[in-house]
Amino acid sequence: MKKGFLKFKKRYRAGVTIKSLAFGISVGIIVASVMWLVAKLSAQVPNYILYAAVGGGLALLLSAISYVLFLPTEKKIAKYLDKKLSLDEKVQTMVNFKDASGDMILVQREDTERILESTSLKKARSKHIWLHFILPVISCGLLVVAIIVPQKVIEPPKTPDPNFDMTTWQEQALRDLIKSVQSSGLEDQPKGEVISELEMLLTRLKAATNMSGMKSSVKLAIENIHKYVYDYNTFDDISEKLQESDSKLVKDMGISIGLLNALELSAVLENERELLTAENTSTRLKNTAEAIKEALAKEEPAHEDALYTSLLSLADALEKTADEYDGYTEDEAEQELEALFNDADVSFTKALYTQYTNESVRSSTILRLMEIFGLTEDDIDIDPKVKTNDPSDGEEDMQPSKDPDKMNTGGLDDGEHLYGSDDVIYDPELGYVSYGEVIAKYYGDISYLIVDGTLSDELEQIINDYYALLYSGNNKKED
């Protein structure tokens, strides 16, 4: 075959190849898009690898099958050209007798080749070529739809939010808690903030209609109360700065202060005093004073603070004694050092006890709120417990000294006790605690039964009257 027929042959075979690929790829895209759409609309996690594998495999298979089925033979091409170009079977004759010889056959073959060679490929183009674009357009449209359709998400069934209506007992317990804070030894600034927060909580809970609203209100109040007191106390920050010192004594003091352990701090100071000798006293006192002041320079409280002042006073006293030490007799030096360390011990005991009281009120207030409204430690993001090295030892460590000079003046005002007694008693679970804390603990335990409604009205009234008697203080002195 010469150039005339061959150009049409190449043209038709190329067309079949393109159409086969378009058909296979279009079907592959349609199948993959439908699978993707079904996954999105049924809230399934899309598996793109699966869609690509199925679509790609199907495209290759259908393209190959289509190519094999529709690949034109020379005879089919010749028949199509005769019909399309109105050549009266000239092309078919040429193809059928392509290997034959003879003058007439040669003349006819050359004439047909001349006609084909001079004929444009466009004249043999199919009139309905647009039909071959329908499937690719549909596949592209489905792919776009699969892309833009949002992934459906099946919302998990919502847990019903129970209604909340603050009970009379809860309201009274919260009011009692406000009175407890008012009469506590909490320092004035955080006390005002804590009371204000509790009063706002009472207002919010009266308006709460569901359990989630109640819990969020109580959690907010707990977080704010924690912040007010914890930010006001300075022992943690001061402890951290002291422990950064190169002085072992100052580090040990920082550890004791961080644990709110006045007895341990007293032991640290006493141990330092025993290490002093005539040869090293002046130097050790100066070095300790410098280390304390250097640490405190990094942490100046925003308000007047007894612990910070006590440390500065100790540093000043150490410097003064160091400067005058050489002029003391042995007895004078001993008396001066004894007075210095005793004064520091008293000052630190008072300062730490004040901050321990703040911590205790913070802790007891938070725990009481949790008891009243049924919250657990998993519901809040803070540790409600007092920060000490040992909960049982902490209570004893922070008790004021029997020495009248070392007694702390904080605590409940005279005649305004919240409970019937402020004596410290031993509880098997709580250790040495105040009488009121034991009442609060057991009242918290019984309150769950009251809230749940498992008690009869008569028994509930008896229990409330009993605890009301225990909570009430005797504000009148006996004659």
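Predicted model: local features only at pLDDT ≥ 70, side-chain atom pairs only at ≥ 80, totals over all residues.

Biologist: What's the angle between α8 and α9, and how far apart are their axes?

Modeller: They pack at about 175°, with the axes 9 Å apart. Helix α8 covers residues 188-207 and helix α9 covers residues 211-232.

Biologist: Which residues make that contact?

Modeller: From α8 you have Gln-189, Pro-190, Glu-193, Val-194, Glu-197, Leu-198, Leu-201, Arg-204 and Leu-205. The α9 side includes Met-214, Val-218, Ile-225, Tyr-228 and Tyr-232.

Biologist: And how does the contact of α8 with α9 split by class?

Modeller: It has 13 nonpolar residues, three polar and three charged.

Biologist: OK, next pair. How do α14 and α15 cross?

Modeller: At roughly 170°, with the axes coming within 9 Å. That makes α14 roughly antiparallel to α15. Among the residues in contact are Leu-307, Leu-311, Leu-314 and Leu-318 of α14, plus Leu-337, Leu-340, Phe-348 and Leu-352 of α15.

Biologist: How many charged residues are in the contact of α14 with α15?

Modeller: One, alongside 12 nonpolar and four polar.

Biologist: What lines the largest cavity?

Modeller: Leu-249, Met-253, Leu-269, Glu-272, Leu-285, Thr-288, Ile-292, Leu-314, Leu-318 and Phe-341. Leu-314 and Leu-318 also turn up in the contact of α14 with α15.

Biologist: Which elements give two or more residues to that lining?

Modeller: α11, α12, α13 and α14. The most comes from α13, with three residues. By class, the lining has eight nonpolar residues, one polar and one charged.

Biologist: Last thing, confidence. Where is it lowest and where is it highest?

Modeller: The lowest is helix α16, residues 391-397, with a mean pLDDT of 39. The highest is helix α7, residues 168-182, at 93. The chain averages 78, and 67% of the residues score at least 70.

Biologist: Which stretches have pLDDT under 50?

Modeller: Residues 389-420 are below 50, though that stretch has 73 contacts in the model beyond near neighbours in sequence. Residues 472-479 also stay under 50, with 11 contacts beyond four places in sequence.

Notes. Residues numbered from 1 in each chain as written. Heavy atoms only, no water. Axes fitted to C-alpha atoms, helices over the stretch in contact; angles between N-to-C directions. Helix = DSSP H or I, 4+ residues; strand = E, 2+ residues; numbered from the N terminus. Parallel < 35°, antiparallel > 145°, perpendicular 65-115°, else oblique. Contact = heavy atoms within 4.5 Å. Nonpolar A, V, L, I, M, F, W, Y, C, P; charged D, E, K, R; others polar. pLDDT = per-residue confidence, 0-100. 1 Å grid on protein atoms, 1.4 Å probe; cavity = no way out; pocket = protein on both sides within 12 Å on 5 of 7 lines; lining within 4 Å.
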